[in-house]
Amino acid sequence: MKKLIWTVVAILLACAGMAYEVSRLQQSDIQGKNKSLIIYNWGDYVDPDLLKKFEKETGYHVIYETFDSNEAMYTKIKQGGTAYDIAIPSEYMIMKMKRANLLDKIDTSKLSNFKYISSSFLHRSFDPNNEYSVPYFWGTLGIIYNDKYVKPGSIKHWNDLWSKKYRHSILLVDSARDAMGMSLVSLGYSMNTTSNLKLKLALTKLNALGPNIKAVISDEMKMYLVQNEAPIGVTWSGEAAEVMESNKHLHYVVPSEGSNLWFDNMVIPRTAKNKKAAYAFINFMLKPQNAAQNAKYVGYATPVGVAKKYLPKKVREDKQFYPPMSTLKHLQVYRDLGPKITQNYNDLFLEFKMYAR
Amino acid sequence: MKNRKIFARLYLYFILIILYVPIFYLIYFSFSSGKNMNKFQHFTLAHYQTLLQDNRLIAIFLNTVILALLSSLIATIIGTMGAIAISRVRSKKHKQTLLALNNVLMVSPDVIIGASFLVFFTALGIGLNFGSVLLSHIAFSVPIVVLMVLPRLNEMDYSLIDAARDLGANNYQVFSNVMIPAILPGIASGLFMALTYSLDDFAVTFFVTGNGFSTLSVEIYSRARQGIDLEINALSTVIFVFVLVLVLIYYFISTKRGKKARGIMRELIK
Amino acid sequence: MSNRNKILFMIPYLLWIILFVILPILLILWYSLTNQSQQFTLANFELFFHNGTFLKMMLNSFWYAFLITFVTLLVSYPAAYFLTKMKNQQIWLLLIILPTWINLLLKAYAFIGILSNSGLANQFLQLFGIGPVNILFTDFSFIFVATYIEIPFMILPIYNAIKEINPVIIQASEDLGASKWQTFKYVLWPLSWSGVESGIQAIFIPSLSLFMLTRLIGGNRVITLGTAIEEYFLTTMNWNMGATIGVVLIILMVAVMLLTGSKIKRKKVDL
């Protein structure tokens with residue numbers, strides 16, 4: 001019995017020692033900074049050097065946590081047991097969070113750098129008065145192909161993917177709205193359609209793509225494309241920028257007939273503890289130099305218009321990443337379609353994944 | 001007869017090779033200067049250096065160990081008490097009901113455990129952090145401890161207890177001097193299994209973790225989605241060597257101490 | 001032990017049962033029987049059993065779980081048997097347990113590297129002049145990796161069961177002129193059945209609900225009930241439907257347990 005009690009004490013002591021070590025390790029990151037800012041963001045979606053710079057400039061300690069889907073983020077914030085000061089959801093999710101009363105209003109007059117945002121990214125339908133969100137990045141949905149296996153120029157439109165040539169060679173992004181949306185656009189419908197009939201037709205068309213699909217995956221797609229595991233990928237522009245940097249054979253196309261235009265915006269959740277720091281961070285990220293540095297690191301397009309002049313000319317003039325107005329006109333922004341129809345999209349996509357052979 | 005022996009040996013070697021190929025693959029690439037596990041570039045220790053400087057990862061690793069130790073310790077205490085209580089239940093029906101309830105978590109898939117705990121914490125308004133993860137780990141470790149301790153209690157020689165009582169031992173003395181030593185191997189293997197469960201868990205933690213707390217498996221999941229980072233390979237090499245050393249030490253102690261420790265081992269393998 | 005002490009020992013354990021077993025099950029049940037505006041409904045179950053997708057998913061899960069369990073058993077049984085004949089069995093067992101302590105995800109990522117087009121497996125095949133074969137994201141790779149992960153959990157219980165058989169019985173069977181196959185069929189297999197059974201239980205049930213491997217190795221081309229539950233809870237956020245699938249899975253599990261449980265009883269009567 002004595003031995004047993006000693007074992008328990010020893011384990012507890014070891015835990016205490018390690019807990020001390022953990023707090024020491026986290027302290028050494030802080031070094032006398034008094035308050036912390038908790039950011040909830042997508043993985044690898046900010047330049048770590050910028051976070052360090054922010055800490056230095058303002059004295060706040062940044063805790064950076066990641067989520068892998070808008071929905072996972074929503075679940076964790078709605079659950080209420082979390083206290084994130086900044087979160088970075090996509091546009092349809094902002095609508096949903098607003099409706100669920102999870103967001104705090106943002107007073108843009110307190111943001112001295114707000115003026116740098118290009119007007120085309122303001123007053124969008126998901127936040128018409130810019131009361132709840134501030135643009136962070138924007139981008140498109142498109143096709144990445146490898147010129148070792150696919151002749152350049154042979155893929156320009158969504159319908160090209162259905163070609164028999166590409167059997168078992170497409171990696172599709174694991175997202176119901178994007179996959180269904182792609183099929184809807186290829187049929188000439190709106191990506192926000194609520195019509196049951198059109199959705200069913202889109203599913204039928206998507207099912208026909210089944211034999212060409214190699215896998216339905218999310219973030220891992222980058223790795224596979226870089227390693228030449230598959231010649232074609234359907235994914236977002238920023239992912240494309242990243243893979244193209246590591247594999248020169250990869251190219252990105254936004255089909256001109258239309259695609260998704262999306263925004264990831266910064267919001268302040270209701271449960272935030274340190275709003276002052278949140279404002280400081282938003283303002284910091286809107287500063288043109290910082291926005292440019294972040295865009296260069298992450299690879300997505302920045303909504304801070306002035307920042308473009310800090311970007312290399314090659315990036316700035318790349319039509320695939322900063323599409324001209326003529327293409328932008330055809331791009332569609334997702335709307336929150338309410339739980340019922342969203343469910344319908346998800347169920348149909350699940351059905352597709354089940355039968356995709 | 002001889003051929004059969006050779007075949008048996010070859011077959012076992014084959015199984016072992018299969019079991020270890022992915023692990024050695026990870027270790028091999030932890031020394032590659034490249035960025036992924038695609039092609040070995042040239043030898044480097046750079047990934048180990050980054051690992052040593054990565055305070056966040058080390059903190060998460062320590063957190064994982066703390067979580068495993070604390071949860072298995074508490075689960076062992078609750079589970080042992082539960083097993084003793086169950087062994088004392090006289091009605092067969094009650095006993096079976098208790099055991100059935102005990103086994104529910106044993107056989108439930110992780111996804112359901114994780115989801116139901118998430119629902120549960122939400123209903124009670126418990127925040128998602130270290131506390132919620134610790135509670136969940138304790139919760140799914142208790143039944144295995146009960147299952148490890150119970151057989152020992154059933155095998156226990158009750159005349160010993162009567163004898164101790166006749167010799168004037170009080171309740172506490174009977175408990176600490178007779179009962180505990182008799183069931184100690186069961187308790188030890190229960191603790192050990194609980195530790196393994198906790199260290200190995202991904203699905204449950206994935207559901208119930210939140211704000212500022214992450215375990216190694218969740219961190220690996222979120223990191224590796226960005227493409228495999230060889231720093232993770234370095235970490236798994238360190239863990240593997242660490243476990244290997246522990247096992248070897250354990251083995252030598254157990255062969256020295258002989259029977260008692262081997263009892264624990266046998267219990268574990270069950 | 002006095003009654004008071006007995007109750008004292010019972011309290012924390014009962015508290016655990018109530019809080020973490022009964023309450024979560026009731027909550028899941030409650031969610032499955034309500035809709036998103038919290039009204040009582042049977043619509044979720046109706047959807048589950050009327051919609052071909054879910055039934056197909058259930059069949060799929062069963063089929064893959066069966067395959068994984070079967071292949072694992074096929075590989076593990078001889079291994080367990082041979083193990084009982086070895087010297088230094090402790091070391092062998094440790095070597096077999098050791099890989100289970102390396103995180104599952106890490107092993108899955110290693111397999112992604114091994115099975116990819118330019119990976120180890122294909123390099124090996126190329127030695128024989130077989131050009132890069134697509135291995136990743138196929139049923140084969142999914143079942144292979146799942147089997148890999150489950151092998152130790154099958155070997156151990158079978159090993160224990162065989163170990164407990166009195167060698168005299170096998171000796172007797174051979175002395176009586178039974179062939180190898182007969183000895184296996186009438187002596188070894190029935191006597192080691194308890195181990196096989198606990199191995200099956202330890203593997204079949206978790207295999208019904210794998211969700212990490214279906215994504216990483218199966219490329220989401222294999223959809224199981226586990227994938228669906230995860231999707232309904234974390235992606236779609238339709239907890240009610242997720243809970244419904246959960247309830248169905250729990251019922252299936254209980255059925256599997258009862259089925260395998262009743263079998264032993266019958267076997268014992270036969271003997």
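**View 1. Strands E4 and E9 of chain A pair in the antiparallel sense.** Strand E4 (residues 134–146) and E9(A) are joined over 6 bridges; two strands pair if DSSP finds at least two bridges between them. Strands (E, at least two residues) and helices (H or I, at least four) are DSSP runs, numbered from the N terminus. Within this pairing, Leu261(A) of E9(A) is the bridge partner of Thr140(A). In strand E9 (residues 261–266) of chain A, 6 of the 6 residues are buried, so the strand is largely enclosed by the rest of the structure. A residue is buried if 20 or more other C-beta atoms lie within 10 Å of its own, exposed if 12 or fewer, and partly exposed in between, with C-beta atoms placed from the backbone. In a regular strand the side chains alternate between the two faces of the sheet. Both faces of E9(A) are covered: Leu261(A), Phe263(A) and Asn265(A) are buried on one side, and Trp262(A), Asp264(A) and Met266(A) on the other.

This is a predicted model, in which local features need pLDDT of at least 70 and side-chain atom pairs count only at pLDDT 80 or more, while totals for chains, interfaces and linings use all residues. Residues are numbered from 1 along each chain as its sequence is written, and chains are lettered from A and ligands numbered from 1 in the order in which they are written.

**View 2. An open sheet of 3 strands in chain A has the order E2-E1-E3.** The pairing in this sheet is parallel. Strand E2 (61–67) and strand E3 (86–87) of chain A stand at the edges with a single partner strand each, so one side of each is left without a neighbour in the sheet. Strand E1 (residues 36–42) of chain A pairs with E3(A) over 2 bridges, and Tyr40(A) has Ala87(A) as its bridge partner in E3(A).

**View 3. Tyr92(A) lies in helix H4 (residues 91–99) of chain A.** An unreviewed UniProt entry annotates Tyr92(A) as "binding site"; such annotations may be inferred rather than shown by experiment. Tyr92(A) is buried, with 20 other C-beta atoms within 10 Å. Not counting residues up to four places away in sequence, Tyr92(A) touches Phe126(A), Tyr334(A), Arg335(A) and Asp336(A). Contact here means that the C-beta atoms of two residues, placed from the backbone, lie within 7 Å.

**View 4. Leu171(A) belongs to the largest nonpolar core, which has 255 residues.** A nonpolar core is a set of buried Ala, Val, Leu, Ile, Met, Phe, Trp, Tyr and Cys residues joined through C-beta atoms within 7 Å. Ile86(A), Leu171(A), Met180(A) and Ala108(C) touch the most other members. Helix H3 (residues 55–88) of chain B gives the most to this core, with 15 residues. Leaving aside neighbours within four places in sequence, the contacts of Leu171(A) include Lys214(A), Ile217(A), Tyr224(A) and Gly233(A).

**View 5. Chain A and chain C each give 22 residues to their contact.** On the side of chain A that touches chain C, the elements giving two or more residues are helix H3 (70–79), strand E6 (213–217) and helix H13 (338–355) of chain A. The largest share, 7 residues, comes from H13(A).

**View 6. Chain C has 13 helices and 0 strands.** Its C-alpha trace spans about 70 × 70 × 35 Å along its principal axes. Of the 271 residues in chain C, 45% are buried.
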